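The following questions and answers are intended for a reader who is meeting this structure for the first time.

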Amino acid sequence: MGAGVMGASIAFQLAQRRAGRVVVIERQSVAAGPTGRSSAALRRHYSLELYARMATRSLEIYRRFAELTGVPAGIKECGILHVVGPEDLAALKTTVEMLRQIGADAEALDPEGLRKLLPGMHVEDLAGGAYDATTGYADPVAVTNGYARRARELGAAIHQATTVTGLTLRGGRVAAVQTDRGVIDAPAVVNAAGPWAARVGRMAGVELPITAARTQLAAFRAPADFGHPLPIVGDGAQLCYFQPEVGGLVLVGPRGRPGPSALVDPDRCDERLDPERAEVAAEALCRRFPAMERAHPAGGYASLYDVTPDSHFVLEASPGVPGLFTAAGFNGHGFKHAPVIGAIMADLVLDGRTGDFDIAPFSSRRFARGSPPWRGLYTGVPF
């Protein structure tokens, strides 16, 4: 359920492994939800090794995406720079060392190194940074449609404009999916419904602590003489990020984790950029890059994150309902991990276990225990 990048990746992996009849159900169209509005950054910089290894493997797959699907991923290799204040410098240095050990590119920079890399960047409040020159961002719509097209070629069916209305259980396990276009028999169902995942879980009596949060991105057109090409900059001091786009645009992304006021009904999300959010984004951009005082506002938009209480994924075979699987709660980090998670979920559905990655920490049981294993661990700016 769900034809965003996660559902499409899972469908591709299942179809590639000749899993049998693979059906994707999508309430709108492929990539029409949050995936289509993703900034699609391919960062590998995570302080948790599991995330870093998953993101690194996923980047390798995205680089071979045309070979796998026949569709280029549209990667723009602009580089990604993370900058931090003094309070996060030790964590950043530890992360850089870990990234090097797992084979990811990472270069630690002091303030002088930051000035050399980006002469127009204000660095007086920064203690250092980490630079990955060999990554950037991809085209989320092209990637999702590439997965979907190849899955179809391998025999999968994708039912668009189809709404899930219920799940049928027999003997306590999943047996069928009810939709507004009929019933689909299915002994295995993967809930990849993103912000709607909790609603789908409740159809089987499963409570998932996943909510929908509205997140906003503002766009600015850089002045013609801005100069140095801009990498993606994750600004740990201001809890936001800046991403270059075609046509001289710069996107300014979320300032930290969405708060309670951002929680919304996913069916009633206002997709317009709030004027006050545009002002906050402009202030952050100009503070980090003073030359952007001459930038021109170029609009923006709002989209949805599927968020969990501890900001970490839910990947599991449902502990209470055999045949039900969940891949959701990505908190704005989904796209960069989608290739690996597609393979993980296919392994889980077909083999009952996963291969190279231990997903036990992603079980929803961590919330019932009251002490999530991730608590207190630094993961950086979400993008």
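Q: Is this model predicted or experimental, and how many aromatic pairs does the structure hold?
A: The model is a predicted one. Within this predicted model, the number of aromatic pairs is 11.

Q: How many residues of strand E10 are buried?
A: Strand E10 covers residues 211-221, which makes 11 residues. The strand is mostly covered, and the number of its residues that are buried is nine.

Q: Which residue of strand E14 is the bridge partner of Ala213?
A: Strand E10 pairs with strand E14, residues 296-307, in the antiparallel sense over 10 bridges. In E14, the partner of Ala213 is Tyr305.

Q: Which residue of strand E13 is the bridge partner of Phe220?
A: Strand E10 is also joined to strand E13, residues 249-252, by four bridges, and the two run antiparallel. In E13, the residue bridged to Phe220 is Val250.

Q: Does Arg214 count as buried or exposed?
A: Arg214 is found in strand E10. Buried means a relative accessible area under 20%. The relative accessibility of Arg214 is 16%, and therefore Arg214 counts as buried.

Q: Which backbone oxygen does the side chain of Arg214 reach at 2.6 Å?
A: Leaving aside neighbours within four places in sequence, Arg214 is in contact with several residues, including Ala262, Val264, Asp270, Arg272 and Ser303. Its side chain reaches the backbone oxygen of Asp270 at 2.7 Å. The backbone oxygen reached at 2.6 Å is that of Arg272.

Q: What span does helix H2 reach from its first C-alpha to its last?
A: Helix H2 runs over residues 49-63 and has 15 residues. At 1.5 Å a residue, the expected span is 21 Å. The helix comes close to this expectation, with a span of 21 Å.

Q: Which helices do the buried residues of H2 pack against?
A: The buried residues of H2 include Leu50, Met54, Leu59, Ile61 and Tyr62. These buried residues of H2 pack against H1 (5-16), H3 (65-69), H4 (89-101), H6 (140-153) and H9 (338-351).

Q: Which aromatic cluster includes Tyr62?
A: Tyr62 is one of the buried residues of helix H2. The cluster to which Tyr62 belongs is formed by Phe12, Tyr62, Phe65, Tyr147 and Phe335.

Q: Which residue of E16 is the bridge partner of Leu315?
A: Four bridges join E15 to E16, residues 324-328, and the two strands run antiparallel. In E16, the bridge partner of Leu315 is Ala327.

Q: What is the angle between the planes of Phe313 and Phe330?
A: The structure holds 11 aromatic pairs. Phe313 and Phe330 form a pair that is edge-to-face, with 4.8 Å centre to centre and an angle between the planes of 70°.

Q: How many residues apart are Phe313 and Phe362?
A: Phe313 counts as buried because its relative accessibility is 0%. Phe313 and Phe362 form a stacked aromatic pair, 5.4 Å centre to centre with 20° between the planes. Phe313 lies in the loop between E14 and E15 and Phe362 in the loop between H9 and H10 (365-369), so the pair ties together parts whose separation in sequence is 49 residues.

Q: What is the average twist from one strand to the next in the open sheet E6-E7-E8?
A: The three strands of this open sheet pair in the antiparallel sense. E6 (164-170) and E8 (182-185) stand at the edges, each with a single partner strand. From one strand to the next, the twist averages 25°.

Q: Which residue of E7 does Val164 stand opposite?
A: Strand E6 is joined to strand E7, residues 173-179, by six bridges, and the two run antiparallel. In E7, the residue opposite Val164 is Thr179.

Note on methods: Residues numbered from 1 in each chain as written. Predicted model: local features only at pLDDT ≥ 70, side-chain atom pairs only at ≥ 80, totals over all residues. Heavy atoms only, no water. Buried < 20%, exposed > 50% of the residue type's maximum accessible area, 1.4 Å probe, protein only. Pairing = 2+ DSSP bridges. Expected span 1.5 Å × (residues − 1). Contact = heavy atoms within 4.5 Å. Polar contact = N/O pair within 3.5 Å; in protein donor to acceptor, adjacent residues only side chain to side chain. Phe/Tyr/Trp six-rings, centres within 6.5 Å; stacked < 30°, edge-to-face > 60°. Axes fitted to C-alpha atoms, helices over the stretch in contact; angles between N-to-C directions.
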